[in-house]
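Dear colleague,

My findings follow directly after it.

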Amino acid sequence: PESIDGTLYSFDISYNLASMLVPGEGYWLRFDNAGSSTITGAPINELTISLNEGWNLISGLSEDVSIYSVYDPDSIIVPGTLYGFNGGYIETDMLVPGKGYWLRTFESGDIILTSGTLSKVKPYNFSLKGKANSLSINNTELYFGVELSDRERLSYSLPPKPSVGAFDIRFTGDTRIASEETEIEVMSTSQSLTIGYAVVIDAGERMSWVLKSKSGNE
């Protein structure tokens with residue numbers, strides 16, 4: 001009841017205005033103030049979720065579920081692409097009740113979530129720190145200077161940009177990784193950004209990596 005009328009949106013290739021909360025689907029919903037709402041009903045202990053190729057907005061069960069315990073019979077989930085939201089996108093490996101998440105797939109298909117299931121896949125660290133050059137912008141990590149296959153690069157792709165007022169940093173092309181010259185797209189309500197960097201791969205003989213402002217200042 002505290003939400004703003006007409007702001008419930010689901011996602012199915014594009015955003016769609018919604019009026020019902022469907023188990024397994026995720027939603028954007030806007031509020032004027034922070035708070036909480038209680039949803040009552042029978043526990044949801046298992047769900048089969050049909051996913052489209054590309055990005056999907058999903059939700060989980062009535063208890064925490066690890067992405068590594070999800071039954072993915074056709075291996076359609078792109079590893080490392082489960083994102084929650086808290087003022088900006090946050091990488092995660094856990095689906096928490098009551099929250100929505102972005103998840104990317106290689107192709108369309110079904111996945112199954114079951115309560116109390118042990119992990120079927122070994123957790124993997126997708127950080128490239130020390131393996132690629134990195135830019136840290138307000139604690140968001142971007143990587144550059146390293147070559148990956150097209151399939152590997154999908155694990156560093158980002159969901160569709162959030163709404164105005166959120167914080168978001170990405171390379172052009174909705175990705176956290178770039179090989180050579182590219183632009184950095186910034187969404188921020190702050191007047192300043194804190195930028196850190198680590199260069200472990202040289203740009204080449206007589207070459208340097210340069211961060212350039214929109215006005216051309218290096």
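Val186, Leu193, Ile195 and Leu211 make up a nonpolar patch on the surface, and together they present about 320 Å² of accessible area. Please bear in mind throughout that this is a predicted model.

**The core**

The largest nonpolar core has 17 residues, and the members that touch the most others are Ile67, Leu103, Ile111 and Leu113. Two or more residues are contributed by each of β3 (46–51), β9 (100–105) and β10. Of these, β3 supplies the largest share, with three residues.

Leaving out residues up to four places away in sequence, leucine 113 touches Asn45, Glu46, Leu47, Ile49, Ser59, Gly60, Leu61, Val65, Val70 and Leu95.

β11 and β12 are paired in the antiparallel sense over five bridges. In this pairing, serine 136 faces glutamate 141 of β12. The hairpin that the two strands form has two residues between them, and asparagine 138 adopts a positive phi near 50 degrees there. Strand β12, residues 140–144, is mostly covered, with four of its five residues buried.

β12 also pairs with strand β14 (residues 177–178), here in the parallel sense and over two bridges. Phenylalanine 144 is the residue that stands opposite alanine 178 in β14.

Leucine 135 is located in β11, which covers residues 133–137. Is leucine 135 buried or exposed? With a relative accessibility of 10%, leucine 135 counts as buried, because the cut-off for that class is under 20%. Beyond its neighbours within four places in sequence, leucine 135 is in contact with Thr140, Glu141, Leu142, Phe144, Ile184, Ile195, Gly196 and Tyr197. One of these contacts, Ile195, is also a member of the surface patch described at the outset. By contrast, leucine 61 lies 36 Å from leucine 135, C-alpha to C-alpha, with 74 residues separating the two in sequence.

**A loop residue**

Phenylalanine 126 is found in the loop between β10 (109–114) and β11. Phenylalanine 126 has a relative accessibility of 15% and therefore counts as buried. Apart from residues up to four places away in sequence, phenylalanine 126 touches Pro79, Gly80, Ser155 and Tyr156. For one of these, glycine 80, the C-alpha atom is 6.6 Å from that of phenylalanine 126, although the two are 46 residues apart along the chain.

**Salt bridges**

How many salt bridges does the structure hold? There are five.

The side chains of arginine 176 and glutamate 91 form one of them, at 3.4 Å from N to O. Arginine 176 is in the loop between β13 (168–171) and β14, while glutamate 91 is in strand β7 (residues 89–91), so this pair ties together parts 85 residues apart in sequence. The two partners can be set side by side: arginine 176 is buried, with a relative accessible area of 6%, whereas glutamate 91 is partly exposed, at 42%.

Lysine 161 and glutamate 185 form another salt bridge, in which the closest N and O atoms are 2.7 Å apart. This pair also links distant parts of the chain, since lysine 161 is in the loop between α1 (150–153) and β13 and glutamate 185 is in strand β15, 24 residues away. Lysine 161 counts as partly exposed, at 38% relative accessibility, and glutamate 185 counts as partly exposed at 22%.

Aspartate 174 forms a salt bridge with arginine 170, with 2.9 Å between the closest N and O atoms. Arginine 170 is buried, with a relative accessible area of 0%, while aspartate 174 is partly exposed at 33%. Both residues belong to a network of salt bridges that links Asp168, Arg170 and Asp174.

With kind regards

Key:
Residues are numbered from 1 along each chain as its sequence is written. This is a predicted model: local features need pLDDT of at least 70, side-chain atom pairs count only at pLDDT 80 or more; totals for chains, interfaces and linings use all residues. Side-chain values use heavy atoms; hydrogens and water are left out. Patches are made of residues with over 30% relative accessible area and no salt bridge: like charges are joined within 9 Å, nonpolar side chains (Val, Leu, Ile, Met, Phe, Trp, Tyr) within 5 Å. Accessible areas come from the Shrake-Rupley method with a 1.4 Å probe; for residues, only the protein chains shown count as cover. A salt bridge is a side-chain nitrogen of Lys or Arg within 4 Å of a carboxyl oxygen of Asp or Glu. Buried means under 20% relative accessible area, exposed over 50%, partly exposed in between (1.4 Å probe, protein chains only). Contact means heavy atoms within 4.5 Å. A nonpolar core is a set of buried Ala, Val, Leu, Ile, Met, Phe, Trp, Tyr and Cys residues joined through side-chain atoms within 4.5 Å. Two strands pair if DSSP finds at least two bridges between them.
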